[in-house]
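Open the model in a viewer and keep the sequence panel beside it. The stops below are given in the order in which to select them.

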Amino acid sequence: MDVLIASGEMLPSNIRDLEDPQRPLPSGAQFFEERFAPGRLAWQLALGILATVAGPAIILLFLIIVYHLDREIFSLTDSDWKFVFYTFAIGAVSLLGGIMLLLSILPKYRLMKQQRAGNQTRHGIFLLDDLLIRHHWFDTTIIPRPFFKGLDGREVRYQLLGEE
């Protein structure tokens, strides 16, 4: 078995059973829950708003540069064009990333409320005899023990397609 990154119905049924808080964990399985904190959500909100506001401003700068090219205000060489299009790319990535950050706050907030109410959310790391499973709020990574390379602080290190 290789490293598998999937979610929902793409997961094997025994893995879906692990993620269900209503079912007991199998014997020998360990679970380390990921905790969601208000401070982390506040940073995500601030960064999402900043990126969502900066994205259109950067795209507007790109449009102003392109619009004024025929007016002799700007004289761009061929090498300058790549920087003009980098401006657009940075603006688009900023806008889309900001929107994604903002849209992910509500599901994380719900998880945080469930955790504060004392409910187990089963979001975190499962250690089984032969697998390490990381269930995140949007996907699940299944890592066979031979591909597991240890922990580095709070990060799980593993080998995927020959690279760590």
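Which residues make a nonpolar surface patch of about 260 Å²? Select Leu-45, Ile-49 and Val-53, which make this patch. The model is a predicted one, in which local features need pLDDT of at least 70 and side-chain atom pairs count only at pLDDT 80 or more, while totals for chains, interfaces and linings use all residues. Residues are numbered from 1 along each chain as its sequence is written, and side-chain values use heavy atoms, with hydrogens and water left out.

A patch is built from residues with over 30% relative accessible area and no salt bridge, with nonpolar side chains (Val, Leu, Ile, Met, Phe, Trp, Tyr) joined within 5 Å and like charges within 9 Å. Accessible areas come from the Shrake-Rupley method with a 1.4 Å probe, and for residues only the protein chains shown count as cover.

Helices (H or I, at least four residues) and strands (E, at least two) are DSSP runs, numbered from the N terminus. Ile-49 is classed as partly exposed because its relative accessibility is 44%. Val-53 has a relative accessible area of 56% and is therefore exposed. The cut-offs are under 20% for buried and over 50% for exposed, with partly exposed in between (1.4 Å probe, protein chains only).

**Helix α3.** Select Ser-94, which is in helix α3. With 17% relative accessibility, Ser-94 counts as buried. Its side chain reaches the backbone oxygen of Ala-51 at 2.9 Å. Beyond its neighbours within four places in sequence, Ser-94 contacts Ala-51, Thr-52, Ala-54 and Gly-55, where contact means heavy atoms within 4.5 Å.

**The salt bridge.** How many salt bridges does a search of the whole structure find? The search finds one. Show Arg-40 and Glu-34, whose side chains meet in a salt bridge at 3.1 Å, N to O. The term stands for a side-chain nitrogen of Lys or Arg within 4 Å of a carboxyl oxygen of Asp or Glu. Arg-40 is partly exposed at 36% relative accessibility, whereas Glu-34 is buried, with a relative accessible area of 16%.

Move to Thr-121, in the loop between α3 (78–116) and β3 (124–127). Is Thr-121 buried or exposed? Thr-121 counts as buried, because its relative accessibility is 5%. The side chains of Thr-121 and Gln-115 are joined by a polar contact of 3.2 Å. Such a contact is a pair of N or O atoms within 3.5 Å; within protein, one must be able to donate a hydrogen and the other to accept it, and residues adjacent in sequence count only if both atoms are side-chain atoms. Not counting residues up to four places away in sequence, Thr-121 touches Pro-21, Glu-33, Leu-111, Gln-114 and Gln-115.

**The cores.** Select Leu-11, Ile-15, Leu-18, Ala-29, Phe-31, Phe-126, Leu-128, Leu-131, Ile-133 and Ile-142, the 10 residues of the largest nonpolar core. Helix α1 (13–19) and strand β4 (131–135) each supply at least two residues of this core. Another core, of five residues, lies apart from it and includes Ile-125, Leu-127, Leu-132 and Val-156. A nonpolar core is a set of buried Ala, Val, Leu, Ile, Met, Phe, Trp, Tyr and Cys residues joined through side-chain atoms within 4.5 Å.

Next, pick His-135 in strand β4. His-135 counts as buried at 11% relative accessibility. Its contacts outside four places in sequence are Glu-19, Arg-122, His-123, Gly-124, Phe-126 and Thr-140. Then go to Phe-148 in strand β6 (residues 148–152). Phe-148 is partly exposed, with a relative accessible area of 22%. Leaving aside neighbours within four places in sequence, Phe-148 is in contact with Leu-132, Ile-143, Val-156, Arg-157 and Tyr-158.

**The whole chain.** Finally, zoom out to the three helices and seven strands. From the N terminus, the elements run β-α-β-α-α-β-β-β-β-β. Of the 164 residues in the chain, 31% are buried.
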